[in-house]
Amino acid sequence: MQFEKLAGFLLDSKVIEAPTGTILIDPDSSEQKLIILIDGSLEIKLESKGGIFSNIIKPGHCVGETAIFNNIKPSGVVTAKETSHVLIIPANSAMAMIRASHELCLNFLQILSQRLRSNNQVVCEEQYHIRCMEEFAKVDPMTGLHNRRWLEEMYTREMARSNMGNFKLTAFMIDVDHFKRVNDKFGHLAGDQVLISVAQTLIKSLRPSDMPVRYGGEEFSVFLPGTTTDNAKIIAERIRQNMENTNVALPDGNIVPVTVSIGFAERIDGDTVVSLIDKADKALYHAKKNGRNRVCMNAGDEGLILF
């Protein structure tokens, strides 16, 4: 834009040298001003409930204009990140320039549009990272299966859906047999390898609609939507056989055989996530007490049935 059109408005403005650390804009100060950076760099710090956010201002850019436009206190502290030269324009002079110059209005509109687009991108990226962290928090880092936090959310949702539509729903509880012996004999790293192998075998043995979870320690749980006890028995036996055929090779050459015990139960009216898992858990421990490497169904009034 033509400098001559604005020169008269700059008579009460000044260029100053701001040493490193100089505070140029302070929310605690009632003074409003537009600052244009000539050389050096400025830092904006904004405190909020989410923490302290900062941004770097480079030569040719300005700060303080939003507070002037809205006639409000600045929201952040602006300091000189290094020794810098800045043009300081009082608020009344800045507004007079804007009213007098169509070109200056377009200039500010372009600056604010760029900042709005940049801020929107930052917000979108932050939301994406938050979603990623939330998902990571629901995944067991060792096995790659979902964890108890995910279970509480998704199993509750699946239970509500099953109760509402009277859909079939079966729950498995699975426990690695003699897992303590593995840790005692081969070490905890070997135990970790066994758990990883069990998780991989479990995924291969299930259908895409099934919902496996590392329940804790050497225990796993699975919700199987739309599954009757007859189908659950077939799936449980497939898991048991696949585990029995799995041998974990350790780096030192040792081979660890793996078997699991499985208990399962079908949802009935009035069940909750806790009650259904509890029924499957009772069947699991019945299988373990009766030789391990077995499948047991909790048939309610009909008792615990071993296969």
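This is a predicted model: local features need pLDDT of at least 70, side-chain atom pairs count only at pLDDT 80 or more; totals for chains, interfaces and linings use all residues.
Residues are numbered from 1 along each chain as its sequence is written, and side-chain values use heavy atoms, with hydrogens and water left out.

**View 1. Helix 5 packs against helix 9.** Helices (H or I, at least four residues) and strands (E, at least two) are DSSP runs, numbered from the N terminus. Helix 5 covers residues 148-165 and helix 9 covers residues 273-289; their axes lie 10 Å apart, at an angle of about 100°. Axes here are lines fitted to C-alpha atoms, for helices over the stretch in contact, and angles run from 0 to 180 degrees between N-to-C directions. The two helices are therefore roughly perpendicular, a label for angles of 65 to 115 degrees; under 35 counts as roughly parallel, over 145 as roughly antiparallel and the rest as oblique. From helix 5, L151, Y155, T156 and M159 meet V273, L276 and I277 of helix 9, where contact means heavy atoms within 4.5 Å. By class, this contact has six nonpolar, one polar and no charged residues. Ala, Val, Leu, Ile, Met, Phe, Trp, Tyr, Cys and Pro count as nonpolar, Asp, Glu, Lys and Arg as charged, and the others, Gly among them, as polar.

**View 2. Helix 5 has a buried set of residues.** W150, L151, M154, Y155, E158, M159 and S162 are buried in helix 5, and buried means under 20% relative accessible area, with exposed over 50% and partly exposed in between (1.4 Å probe, protein chains only). Strand 9, strand 10 (211-216), strand 11 (219-225) and helix 9 are what the buried residues of helix 5 pack against. At the start of helix 5, a side-chain oxygen of N147 comes to within 3.2 Å of the backbone nitrogen of R149.

**View 3. N166 follows helix 5 with a positive phi.** N166 sits in the loop between helix 5 and strand 9 (169-176). Phi of N166 is near 55°, a positive value in a residue other than glycine. Most residues other than glycine have a negative phi. N166 is exposed, at a relative accessible area of 55%.

**View 4. N293 also has a positive phi, near 50°.** Look for N293 in the loop between helix 9 and strand 15 (295-298). N293 counts as buried, at 18% relative accessibility.

**View 5. Helix 6 meets helix 7.** The axes of helix 6 (residues 179-186) and helix 7 come within 7 Å and cross at roughly 140°, and the two helices are therefore oblique to each other. On the helix 6 side are F179, V182, N183 and F186, and on the helix 7 side H188, A190, G191, V194 and L195. This contact has six nonpolar, three polar and no charged residues. Among the buried residues of helix 7 are A190, G191, V194 and L195.

View 6. S13 lies in the loop between helix 1 (3-7) and strand 1 (14-18). With residues up to four places away in sequence not counted, S13 touches L87, I88, I89 and P90.

How values were computed. A polar contact is a pair of N or O atoms within 3.5 Å; within protein, one must be able to donate a hydrogen and the other to accept it, and residues adjacent in sequence count only if both atoms are side-chain atoms.
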